[in-house]
Structures are given as structure tokens and as C-alpha cells.
Number of protein chains: 2
Amino acid sequence: MRSLREFLIGPPIPTRRLASERLSKFRALAAFSPDALSSVAYANQEIYLGLVVAGAAGLAFAWPIALGIGVLLGVLALSYSQTIHAYPSGGGSYTVARENLGTNWGLIAAAALLIDYVLTAAVSLTAGVAAIASAFPILWPWRVELALLILVIITVANLRGIRESGALMTVPVYLFLVTFLGMIAVGLVRAAFVDPAGSLAVAAPPASLPLSLFLVMHTFASGCTALTGIEAISNGVPAFKPPESRNADRTLRVMAILMGALFLGSIFLTQHFAVIAGPNETILSALARRVLGGGPLYYVVQAATLLVLAVAANTSFAGFPRVTSILARDGFLPHPLSQLGDRLVYSNGMLLLASLSGVLIVVFRGDSHLLIPLFAVGVFLAFSLSQAGMVVHWVRQHGPRWPLKAVINGLGAATTIITLGIVGVSKFLDGAWIVILLIPILVFVFFTIRGHYRETRKELALPAAPQAGALPPPPRVILPISGVHRGILEALDFALSISRDVTAVYIEIHPGDARRIRDTWKDWGRDVPLKVLDSPYRSIVDPLMDYLDALDGQLAQGQQVVIIVPEFIPARWWQFWLHNQTAWLIKLALLYRRRRHGHGRVIVDIPFYLRR
Amino acid sequence: MRSLREFLIGPPIPTRRLASERLSKFRALAAFSPDALSSVAYANQEIYLGLVVAGAAGLAFAWPIALGIGVLLGVLALSYSQTIHAYPSGGGSYTVARENLGTNWGLIAAAALLIDYVLTAAVSLTAGVAAIASAFPILWPWRVELALLILVIITVANLRGIRESGALMTVPVYLFLVTFLGMIAVGLVRAAFVDPAGSLAVAAPPASLPLSLFLVMHTFASGCTALTGIEAISNGVPAFKPPESRNADRTLRVMAILMGALFLGSIFLTQHFAVIAGPNETILSALARRVLGGGPLYYVVQAATLLVLAVAANTSFAGFPRVTSILARDGFLPHPLSQLGDRLVYSNGMLLLASLSGVLIVVFRGDSHLLIPLFAVGVFLAFSLSQAGMVVHWVRQHGPRWPLKAVINGLGAATTIITLGIVGVSKFLDGAWIVILLIPILVFVFFTIRGHYRETRKELALPAAPQAGALPPPPRVILPISGVHRGILEALDFALSISRDVTAVYIEIHPGDARRIRDTWKDWGRDVPLKVLDSPYRSIVDPLMDYLDALDGQLAQGQQVVIIVPEFIPARWWQFWLHNQTAWLIKLALLYRRRRHGHGRVIVDIPFYLRR
């Protein structure tokens with residue numbers, strides 16, 4: 001067990017190395033950006049599919065819509081740059097919304113973030129695998145298995161620790177950037193010097209729907225999926241090498257410029273060359289073929305697109321465990337989510353994310369199209385709350401140039417709130433309702449958990465002053481026996497070493513068996529009384545519990561009842577199945593069947609190790 | 001939990017009602033015969049498919065082959081009738097082979113029987129569901145799920161107790177008997193008075209293979225699957241109402257006559273009317289249409305065939321738990337398999353059977369054709385060993401008319417051994433090899449388990465004479481604490497009530513935390529020393545184990561180490577996830593990481609019940 005674990009995730013790292021496990025800007029870009037960069041791929045596709053139904057007149061709107069989203073990108077980048085400096089300890093939307101808008105809004109933002117991280121992992125993996133499987137049709141029936149396999153690989157890489165996972169993710173991300181930016185550069189050169197512009201009026205299929213304001217707004221909302229992932233860096237500031245804020249801010253700016261170049265460049269070229277995609281091809285694939293021809297370079301771009309989609313799931317592995325650890329530290333999620341694992345990462349959060357994403361992949365049978373509508377709502381809800389929170393932050397703080405800063409974040413808040421409204425309405429029936437339902441449920445869960453922790457702390461609180469009062473008398477010891485053998489004799493010796501008040505109990509399942517036990521006990525029982533209990537229903541546990549209940553009335557003031565449970569521990573794991581696990585049944589019944597009055601009974605476990 | 005369980009399988013039954021939970025002959029036939037009766041369906045099909053490749057000349061051999069199998073049926077019925085009287089306590093092939101041929105042969109027979117019971121359940125369910133799904137094509141994609149659903153229903157019915165399950169199974173079995181015997185009667189009347197005989201020479205398709213001795217022998221071997229299940233009654237004699245042997249024998253005779261009538265009647269009519277089946281139809285379905293026309297009666301016969309195949313799996317639920325309970329009582333399987341459950345049935349054996357069959361159904365994706373070749377080998381191996389054992393039994397016993405009895409069983413042994421050879425050779429590559437491989441593996445497992453039980457008994461054996469020697473001194477008590485709170489104070493009081501030698505231990509995960517604990521402990525610790533342990537790798541368990549190992553050298557003669565583990569027990573199940581389950585980790589480490597010298601440590605579990 002332990003060596004398998006060390007093989008997979010490496011040996012434990014001591015706590016003192018915590019500060020050194022940080023990311024350079026180069027690696028941080030690879031760790032936090034795949035979601036943001038790869039979302040360009042499906043945003044392009046959404047815009048194309050949204051407009052093509054209105055024919056050439058519709059497609060003419062692609063460039064204006066892209067420009068609009070580009071402006072939104074700029075606004076968000078500026079806004080999050082301010083957030084990074086204002087909140088260098090990370091936490092993103094949750095922290096910002098909670099500190100400035102209050103706990104309720106903070107938890108709504110947190111719920112939205114958690115849902116999005118899970119969806120990002122599931123959608124990226126299924127979309128990536130569907131793309132790989134489109135290229136290699138032999139993989140098509142194994143889409144779910146393949147997505148789960150990649151999920152496992154990414155999980156293990158992340159459990160090993162953030163530095164290793166950063167290194168692992170660097171190659172696909174930069175491969176994608178180089179090939180994709182290269183393609184756009186080639187396209188721009190060809191547009192300027194070589195090829196004539198295309199004509200949408202000639203190339204576009206006939207319109208099946210009239211062009212309308214709703215159609216344009218709906219397409220704009222779909223295209224906004226290009227912005228998912230832009231907040232990842234502001235949540236992960238503490239993962240950067242010092243100075244954390246400065247490095248994170250620079251990385252965010254580089255990422256935003258790259259996103260803009262990829263998104264606007266590809267839409268411009270699509271528009272300029274009047275590229276039209278067939279029914280079984282994405283618009284990006286059609287563009288790459290138009291610019292690069294059908295040769296090896298085309299396949300490299302496609303492969304890089306698939307790879308970056310697959311590693312986009314990694315963004316969630318950087319973000320989700322951070323948010324859950326912050327929530328756990330605040331008492332809104334179970335404490336184990338705030339514990340650093342062997343490799344100085346939040347292993348529990350990673351495993352939780354992997355499980356939830358895996359369930360989504362299996363339940364939705366690896367179909368990303370059913371998942372995509374769910375996640376824009378959460379993204380823009382978190383954006384809106386974060387921006388609104390920042391406006392309040394600047395107004396309250398009144399620091400240098402606060403009106404300018406408030407205006408920038410106010411612009412961000414206004415645009416994201418409008419977008420949220422558009423997304424929520426236009427995608428409600430497609431699946432957004434699930435998220436809108438889930439968020440209040442999660443907030444309720446958060447408050448329930450905190451309530452439990454507060455109640456526990458109250459129940460455990462120390463009394464007003466230490467009592468130096470009398471100690472309780474030695475306990476009343478009950479020793480259930482299944483026979484008279486060496487293990488029982490050891491347990492009996494122990495019982496007599498802690499108290500003189502010992503009673504052995506035998507539960508008679510086969511009528512008549514007790515006689516033999518009584519005889520042997522006379523010789524070996526060190527004068528401890530033996531009580532025989534009937535068991536008409538062949539249960540060991542029930543008669544014992546009834547006996548213990550009856551005993552409660554006979555106890556001295558403050559006296560505890562101790563039940564000694566002798567337990568065989570076999571030498572090998574498979575031998576476990578060869579013994580009636582009565583010891584476990586008794587222990588579970590004692591721990592989890594509540595005692596009617598007062599406190600529980602004390603359970604003493606005496607292991608008897610079998611040698612072979 | 002408990003009320004769900006009582007709803008599903010009913011309230012517990014006291015042991016004193018054991019004798020009354022018996023079957024009448026009418027119900028016993030329904031409980032033990034479905035496998036035997038329903039095997040007629042696929043045996044017919046196997047004979048038809050085996051011969052039709054040789055055209056009319058091949059199909060002419062159907063009746064001689066059927067007669068041969070009919071003779072074998074008579075021989076086996078006579079043989080098992082003798083077994084029932086010689087072994088009224090049941091156990092069948094295993095008991096007979098073990099007592100007369102020795103333990104090795106007995107265990108080989110037992111392994112063969114267990115494999116067959118599992119295969120019978122899986123094959124019957126998948127064949128039944130495939131038949132239902134052929135009638136209602138909408139069910140086709142859900143074959144595996146449907147087979148598992150029926151498996152669950154049958155399992156629950158059997159867990160409720162044998163009388164109820166007998167009642168449940170009565171309807172389909174007698175429906176099948178009435179409709180099928182009725183069809184044969186109608187067919188015979190039509191053959192005698194109404195319809196002319198058919199001509200195979202006219203109806204049969206042209207031969208694709210020449211008629212050969214191998215082809216006839218191979219078809220004979222396939223047709224012998226009609227005999228599977230005939231031994232079920234001799235294994236289950238104790239389930240009959242007294243006089244058990246007499247009632248079981250009569251039931252066996254009736255079942256054998258019914259099997260013969262169904263099998264020979266249907267083959268005779270098929271031959272007489274020269275019935276030929278199309279590519280998507282079974283031969284029995286073709287015969288039923290020929291005799292009854294395509295009207296409602298035809299559908300009733302088909303439905304009854306499907307139902308009886310579905311309940312044939314029930315034969316295994318009568319037989320498998322009996323054989324495993326006998327093996328467990330002899331120490332060759334884990335003891336829990338020999339325990340009567342709440343409802344006076346061997347629940348563990350039933351659950352094991354259900355799990356194994358379920359796995360087979362899932363792994364073979366509900367395809368019975370892949371499973372059928374596996375199970376004839378085991379059946380005839382068990383038959384052969386049982387018959388050979390009976391010969392030895394009579395020769396040794398020298399009772400009245402022993403030579404006649406020995407000759408009858410000798411005939412049984414000879415025919416079944418020859419059939420076993422034919423089946424093993426002709427089906428080896430089809431899957432028989434799996435069973436031939438599995439049987440020695442199972443026998444090895446049986447001996448390994450018995451070896452463990454013998455070793456355990458040796459290690460637990462009492463010393464030569466009781467020592468009245470001195471009791472061990474009070475134990476050394478270690479109290480690991482995670483902080484100072486009410487739960488810890490209760491644990492501390494208990495520790496001091498059993499020994500004066502108490503040490504509290506704090507494991508410091510976040511450097512610096514120990515200062516605060518030390519200060520509080522000064523006020524509340526009742527002068528018990530507090531030891532602080534470093535934990536550079538953030539583990540609670542490892543530093544504690546190292547400390548305990550170091551302690552071993554300081555113990556007095558015979559002194560035990562007691563580790564007190566205070567444990568929160570939340571009021572509601574979901575709250576379990578909100579606490580670090582450190583108590584469980586410590587307990588597991590203490591129980592299962594072996595101590596280097598001497599015996600294990602004693603674990604004391606002090607539950608602290610949270611009120612809300």
C-alpha cells in the first residue's frame with residue numbers, strides 16, 4: 001500500500017519546504033491558463049453556429065460580436081489585475097465578495113466557483129476526448145473510459161505536487177500557443193500579401209432564421225464562454241514565487257493578451273476569408289485547413305488543440321482545492337479539505353474534484369454538449385459578485401486614485417451582470433436551471449456545516465474552572481467470551497489488571513453449548529463470574545446490548561462500564577474473511593447505537609495476533 | 001437500515017422454528033426442478049443445431065440420440081434415488097465422494113458443484129432475459145440490467161426464507177408444466193388422428209457437413225445438458241418435510257418422469273412432423289407453432305418457457321448455500337457461510353452466490369452462449385464422482401441386495417464418466433478449459449483455508465494447566481490529545497481510574513501550537529505529564545507509533561500499554577464527514593501494524609457523543 005502510494009505520488013515532503021513549492025511565471029501561465037486559452041476553441045464554434053442560421057447577414061456580425069467580447073476581456077483583465085493587488089492571499093471571488101458584500105454573497109460566489117471548477121474539468125476532458133476520438137474513430141466507443149483515464153493521470157500528477165504538475169502541463173500549453181499563434185501569423189501574412197478576401201455573400205448557406213436582436217445577443221452570450229478561466233490566476237496568487245502579486249499580475253496580462261490575440265485573430269481570419277464549416281467539422285478546423293492546407297501542419301494544430309483541451313482540466317486542480325481549503329478553514333466545508341497532504345498540496349480537495357468530475361463524465365456519458373450550457377451561469381455569477389465587491393472595496397478604502405479604480409471595477413460589474421442576465425435567460429432551459437437550483441442548496445449546506453462546528457465547539461467547551469474533585473471509581477468490566485482459549489485468558493488478565501469488578505458474558509446461540517463453557521470456565525476463569533445470555537434469534541449483539549442496558553441501574557456514582565472486545569488479527573489480509581467479524585459488530589453497535597441515559601460505554605480492544 | 005431490512009426480508013425467525021421450515025413435495029418440486037425442467041429447452045436446441053448441418057441424414061439421428069439421453073436420465077434417476085436413501089442428511093456429490101473416495105475427490109466434486117451452481121444462475125437468467133428481450137425488442141439494450149434486477153428479486157425472495165421462496169416459484173413451474181405437457185398431448189393426438197407425418201427428406205436444408213460418428217457423439221454431448229439439475233434434490237433432502245428421504249425420492253421420480261416426458265415428447269413430435277426452424281427461431285418455438293398454430297396458446301407456451309428459465313436460477317439458491325454451509329462446517333470455507341441468518345437460511349451463501357452470478361452476468365455482458373459450454377463439464381464431473389462413490393459405498397457396506405445396488409450405480413458411473421470424456425474433449429476450446437483450470441485452484445483454496453483454521457486452533461489452545469499466578473501490574477496508559485476540551489477531560493478521568501501511570505501525548509503539526517496546549521494542560525491536566533512530539537511530515541499516526549515503539553523498553557514485567565482514543569460520535573450520519581477521522585486512523589494503525597516484539601497494544605475507545 002505505502003510503496004504503491006510512494007511510487008505514484010512520491011515520498012512525503014516536510015512542512016518546512018512549504019515556501020519553496022512555488023511557480024515561476026513561465027510555469028504558472030501553463031498551470032493556470034489552459035482553461036482560458038482552450039475556451040477560445042469552443043467560443044469560436046458557438047459564435048459560428050449561432051450566426052450561420054441567419055446566413056451571410058448573420059455571419060457579418062461575427063467580427064462586431066468578437067470585438068465586444070474582446071472589450072469585455074480587456075475590462076475583466078484590468079479588473080482582476082486590481083483584485084490581485086488588493087488581495088495578495090488569493091481566494092478570488094469568494095474572498096472579495098465575502099469581505100465586501102457580506103457572507104451570504106461570498107458563499108453564493110463560492111458555490112458558483114466550485115460548480116464551475118467541477119464542470120470545467122468534466123467539459124474539458126469530454127470535449128478533448130471527443131476531439132481525439134473524432135480524429136481516431138477506433139476510440140469512439142471508449143470515450144468515457146478514456147476521459148476517466150486522463151482524469152486519473154491528471155489527478156496523480158497533481159497529487160505529486162504543484163511544481164511537477166506545472167512542468168507536465170508546460171509542453172501542451174506552449175505547443176498550442178506556438179502552433180496557433182503561428183497559424184494566425186501565417187494567415188495575416190497571406191491576407192495582407194497573398195490571398196484575396198473571401199465573400200460571405202457567395203460562401204454562406206441561405207438563412208433559415210431572420211437576423212434579430214435576440215439572435216445577436218444570444219450569440220454574444222454563447223461567445224462569452226471564451227472568458228471562462230480568466231479568474232484562475234487571481235484565485236491562485238499564493239502559488240506564485242515572491243513577489244506574488246506582481247508576478248501574478250504580469251502573468252494575467254500576458255494571458256489576456258494571448259487570449260485576445262487567439263480569439264480576435266481567428267475570428268478576423270474566418271471573417272476575412274469567409275470560411276464556412278461543413279456539418280462534421282469545427283470552424284477552427286476549417287480555418288486551419290484554409291490557412292495551412294491539409295498537410296502535416298494542419299494536423300499539428302488540431303493535435304495541439306486537443307491536448308490543450310485535455311490539460312484545461314488542470315486549471316480546476318489548481319483552483320478547486322484552494323477554494324475548498326479556504327472554505328474549510330472558515331468552517332463552511334469539512335476540515336479535512338484544509339489539510340495539506342504528503343506532498344504539500346490539498347490532496348482531499350483534489351480527490352473530491354476528481355470524484356465529482358468523474359461522476360459527471362459517467363452520468364453524462366462523456367457528452368460535453370449537455371454540460372457546456374451549465375457552466376456559463378456560474379462563471380458570470382462569480383465574475384459579477386467579484387466585481388461588485390471590488391467597487392465596494394475601493395469606495396470603503398478611499399485609497400489613492402480610488403474613484404478611477406472604482407469606475408474600472410464598476411464597468412466590470414455592469415458588463416458581467418448584463419452578461420449574466422443574458423446567459424441565465426437564454427440558456428435556462430438548456431441546463432442553466434440546474435446550476436441556479438444547485439447554488440442555494442450549496443449555500444444551505446455551507447451554513448449547516450458551520451452550524452455543526454459551532455455547536456460542537458460549544459459542547460466541547462471547558463467548564464468554568466478546573467475541578468480537582470475525586471476521581472471516578474474503577475470501572476465495571478464486561479468481558480464477552482465466545483469460548484475459553486488463550487486469547488480470552490489474556491483479555492481476562494488485562495480486565496483484572498484494571499478493575500476487580502469483572503463479569504464474563506457468554507451468548508448461547510446453539511441451545512446446550514453453555515454447559516461445556518461453564519465447566520471450562522470453572523477451571524480457568526480466576527473466579528470471575530460467568531453470565532450466560534439466551535439468543536433465540538442467533539444474534540450476538542442484541543442480547544449483549546440488552547444486558548448492558550439492564551446493567552445501567554446498578555452502577556456506582558460516576559462509574560463507567562467497560563466492554564472488553566478480544567479480537568483476532570490474522571497474519572495475512574485474506575485470513576480476515578475466515579473469521580466471524582463479531583468484534584467489529586460489537587464495536588459498531590456500542591459506538592453508534594446511542595445509550596439511552598448519560599454517556600457511551602468505553603470499548604477496550606485487545607488484539608490477539610495470529611502468528612501464521 | 002433495520003426497518004428497510006425487515007421490510008425486504010421480514011422479521012427474524014427464532015431458532016426453535018427451524019424444524020418447521022420445511023417443504024411439501026408439491027413445493028419442493030417447484031423449488032428444486034426448474035433447472036432440470038428448463039434445461040430441456042436448450043438441450044432440444046443444441047441437438048437440432050448439432051444435427052441440421054448434416055441435413056436430413058443428420059436430423060434422422062435426433063430420436064436415437066434422444067432415446068440414449070432418456071436412458072441416461074433413467075440411470076441417473078435410479079442412481080440418485082439410491083443416494084437419497086443412503087445419505088438422508090444431504091450434501092450430494094461432495095458428501096458421497098468424500099466419504100467413499102476420500103477428501104481429495106470430495107473436494108473436487110464440491111468445486112465442480114459450486115461452479116455449476118453459479119453458472120446455472122447466470123446462464124438461466126441471461127437465457128431467460130434474452131428470450132424475453134427477443135419477444136419484446138425494446139428491452140434488448142437493457143439485458144444486463146434486467147438480468148441483474150431479476151437476480152436481486154430472486155435473492156431477496158430466498159433471503160426471506162425457503163417456504164416463501166417455494167411459494168413464489170410454484171406458479172411459473174406449474175404453468176410451464178401444464179402448458180408444455182398440454183402442447184405435447186395435443187401434438188400426440190394430432191399425430192395419431194389428424195395430421196400426416198412430415199418428411200425430413202423434403203423439409204431439411206441441404207447438408208453442409210458429412211454425417212460422421214464424431215458429429216453424432218458431439219451432438220449427444222451437447223444434448224446431455226438436458227440432465228443438468230437432476231442432482232439438486234439429492235443435495236437438498238433435509239429441506240423436505242419428514243420423512244425426508246421418502247418424500248425426496250418420490251419427488252425425484254416425479255421430476256425424472258416429467259423431464260423424460262417433456263424431452264422425449266418434444267423430440268418425437270419434432271421428428272414426426274419434420275419441424276425445421278428458421279434462422280431467428282428456436283426449434284421449440286417452431287414446434288409450438290406447428291402444433292398450436294400462431295394464436296394465443298403459442299404465446300402462453302413461449303412466456304411459460306421464459307418464466308421457467310428465469311426461475312431456474314432459484315435451484316442454485318436452494319443448492320449453493322447448502323453445499324457452502326457443509327464445506328464451511330468442515331473447515332474448507334469461511335465459517336460465516338455456515339451461519340443461519342435472521343430467516344433461518346444461509347444468507348451469506350446466498351449473497352455470495354448472487355454476487356458471483358452478478359459478476360458473471362456483467363463480465364459476459366449477458367450473453368448466455370458464451371457461458372453454456374462451461375457448465376456441462378462440472379455437472380458430469382460431479383455426477384461421475386458421486387456415482388463412483390456410491391459403488392464403493394455399496395461394496396463396503398455389504399447390505400441387503402448390495403450387488404444389484406452397486407451394479408446400478410456402476411452403470412451410472414460408467415455412463416457419466418464416458419459422457420464427461422466426450423464433453424471435456426469436444427468443448428475444451430469452447431470454454432471447458434476455464435472450468436478444468438478453476439477446479440484445482442478451488443481445491444487448493446479449500447485446503448489453504450482448512451490449514452489456517454487448524455493453525456488458529458493450535459495457537460489458541462489452552463496451556464497444559466491453569467496458572468493461578470500473579471496478575472499483571474496496572475497498565476501504562478497513553479492518552480493522545482488533539483487539544484484540551486471536555487472530551488479529553490472525560491478520557492483523562494477514565495485513564496486515571498484504571499492506572500496511575502498515565503502520559504498525555506500531543507503531536508505538533510503546525511510548529512508553535514504546542515505552547516498554547518502546554519499552558520492549558522497545566523491547569524486542567526490533573527498533574528499528568530504531557531509529551532509533545534514533532535511531526536515534520538504532518539502525520540498524526542507515524543510520530544505516535546515511533547513513540548510507542550520507544551516506550552517498549554521501559555515497561556515492567558507483564559505490563560501492557562493502553563492507548564486511549566477519544567472519539568467524537570456525531571448525532572447524525574452526515575456529520576461523520578465533518579471530523580478528521582484521526583481516531584480511526586490511530587486504531588487501524590495500532591491493530592494492523594504489527595508490533596515488533598511480543599503482543600499488540602490494548603486500545604481503549606472512549607466515545608464522546610455530540611448532542612446535536
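Start by selecting the strands of both chains: 10 of them form an open sheet with mixed pairing, in the order S3(A)-S2(A)-S1(A)-S4(A)-S5(A)-S5(B)-S4(B)-S1(B)-S2(B)-S3(B). Here, strands (E, at least two residues) and helices (H or I, at least four) are DSSP runs, numbered from the N terminus, and two strands pair if DSSP finds at least two bridges between them. Color S3 of chain A and S3 of chain B next: they stand at the edges with a single partner strand each, so one side of each has no neighbour in the sheet. From one strand to the next, the twist averages 30°.

Before moving on, a word on what is loaded. This is a predicted model, in which local features need pLDDT of at least 70 and side-chain atom pairs count only at pLDDT 80 or more, while totals for chains, interfaces and linings use all residues. Residues are numbered from 1 along each chain as its sequence is written, and chains are lettered from A and ligands numbered from 1 in the order in which they are written.

Zoom in on residues 602-609 in both chains. Strand S5 of chain A and strand S5 of chain B pair there in the antiparallel sense, over three bridges. Pick Ile603(A), and its bridge partner in S5(B) is Asp605(B). Val604(A) has Val604(B) as its bridge partner.

**Helices on the sheet**

Now show H22(B), which packs on the sheet and touches strand S1 (476-481), strand S2 (502-508), S3 and strand S4 (561-569) of chain B. Its direction makes about 145° with that of S2(B). In chain A, select H21(A), which lies across strand S2 (502-508) and S3 and runs at about 155° to S2(A). Axes are lines fitted to C-alpha atoms, for helices over the stretch in contact, and angles run from 0 to 180 degrees between N-to-C directions.

**Where the chains meet**

Select the contact residues, counting two residues as in contact if their C-beta atoms, placed from the backbone, lie within 7 Å. You will find 59 residues of chain B in contact with 59 residues of chain A. On the chain B side, helix H19 (428-460), helix H20 (486-498), helix H21 (513-524), helix H23 (582-592) and S5 each supply at least two residues. By class, that side has 34 nonpolar, 13 polar and 12 charged residues; Ala, Val, Leu, Ile, Met, Phe, Trp, Tyr, Cys and Pro count as nonpolar, Asp, Glu, Lys and Arg as charged, and the others, Gly among them, as polar.

The same surface serves both copies, as 100% of the contact residues of chain B recur in chain A.

**Backbone stops**

Most residues other than glycine have a negative phi, and most peptide bonds are trans. Go to Pro242(A) and Pro243(A), which are joined by a cis peptide bond with omega of about -5°. Pro243(A) is in the loop between helix H12 (232-235) and helix H13 (244-272) of chain A.

Next, pick Asp527(A), whose phi is positive at about 65° although it is not a glycine. Asp527(A) lies in the loop between helix H21 (514-524) and strand S3 (530-534) of chain A. Is Asp527(A) buried or exposed? Asp527(A) is exposed, with 8 other C-beta atoms within 10 Å. The cut-offs are 20 or more other C-beta atoms within 10 Å for buried, 12 or fewer for exposed, and in between for partly exposed, with C-beta atoms placed from the backbone.
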